[in-house]
Amino acid sequence: SMIQTFTARVFPEGNWFVAQCLEVEIASQGETETEALANLQEAIELHFEPPCATIFPTLEKLQVEIDAA
């Protein structure tokens with residue numbers, strides 16, 4: 001077992017808060033930000049339970065040219 005750090009963004013959506021993991025495509029929700037994050041943590045833990053992939057995706061930086069208005 002190992003500890004891995006993930007980044008989450010939390011935002012309101014209707015009466016709920018959505019917590020979205022930026023490193024893996026997992027999201028959860030809750031009635032509060034705290035609950036949404038707790039549910040996301042549980043979802044991530046379940047995602048990495050055997051027998052599933054334990055390879056972490058690589059994050060790549062993209063340079064995009066944007067025309068200034």
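## A buried glutamate

Glu23 is buried but forms no salt bridge: Lys61, the nearest side chain of opposite charge, is 9.8 Å away. This description concerns a predicted model. A salt bridge would require a side-chain nitrogen of Lys or Arg within 4 Å of a carboxyl oxygen of Asp or Glu.

Glu23 belongs to the loop that links strand 2 (16-21) with strand 3 (27-30). Although a salt bridge is absent, the side chain of Glu23 reaches the backbone nitrogen of Thr7 at 2.7 Å.

Arg9 is part of strand 1. With a relative accessibility of 44%, Arg9 is classed as partly exposed, because that class covers values between the 20% limit for buried residues and the 50% limit for exposed ones.

Which residues does Arg9 touch, not counting those up to four places away in sequence? They are Val18, Ala19, Gln20 and Leu22. For Ala19, which is ten residues from Arg9 along the chain, the C-alpha atoms of the pair are separated by 5.6 Å. With Gln20, the link involves side chains: a polar contact of 2.7 Å joins that residue to Arg9.

## The loop between strands 1 and 2

Asn15 is located in the loop between strand 1 (8-13) and strand 2. The relative accessible area of Asn15 is 74%, so this residue is exposed, the cut-off being over 50%.

How far apart in space are Asn15 and Glu31, C-alpha to C-alpha? The distance is 7.0 Å, while 16 residues separate the two in sequence.

## Helix 1

Glu42 is a residue of helix 1. Its relative accessible area of 48% makes Glu42 partly exposed. Between Glu42 and Ile26, which are 16 residues apart along the chain, the C-alpha separation is 11 Å.

## The segment after helix 1

Is Glu60 buried or exposed? Glu60, which lies in the segment after helix 1, counts as exposed at 64% relative accessibility. The C-alpha atoms of Glu60 and Phe11 are 24 Å from each other, and the two residues are 49 places apart along the chain.

Ile66 is likewise found in the segment after helix 1 (33-47). Together with Leu62 and Val64, Ile66 makes a nonpolar surface patch of about 400 Å². The relative accessible area of Ile66 is 70%, and the residue is therefore exposed.

How values were computed: Residues are numbered from 1 along each chain as its sequence is written. This is a predicted model: local features need pLDDT of at least 70, side-chain atom pairs count only at pLDDT 80 or more; totals for chains, interfaces and linings use all residues. Side-chain values use heavy atoms; hydrogens and water are left out. Helices (H or I, at least four residues) and strands (E, at least two) are DSSP runs, numbered from the N terminus. Buried means under 20% relative accessible area, exposed over 50%, partly exposed in between (1.4 Å probe, protein chains only). Lys and Arg count as positive and Asp and Glu as negative; His and the chain ends are not counted. A polar contact is a pair of N or O atoms within 3.5 Å; within protein, one must be able to donate a hydrogen and the other to accept it, and residues adjacent in sequence count only if both atoms are side-chain atoms. Patches are made of residues with over 30% relative accessible area and no salt bridge: like charges are joined within 9 Å, nonpolar side chains (Val, Leu, Ile, Met, Phe, Trp, Tyr) within 5 Å. Accessible areas come from the Shrake-Rupley method with a 1.4 Å probe; for residues, only the protein chains shown count as cover. Contact means heavy atoms within 4.5 Å.
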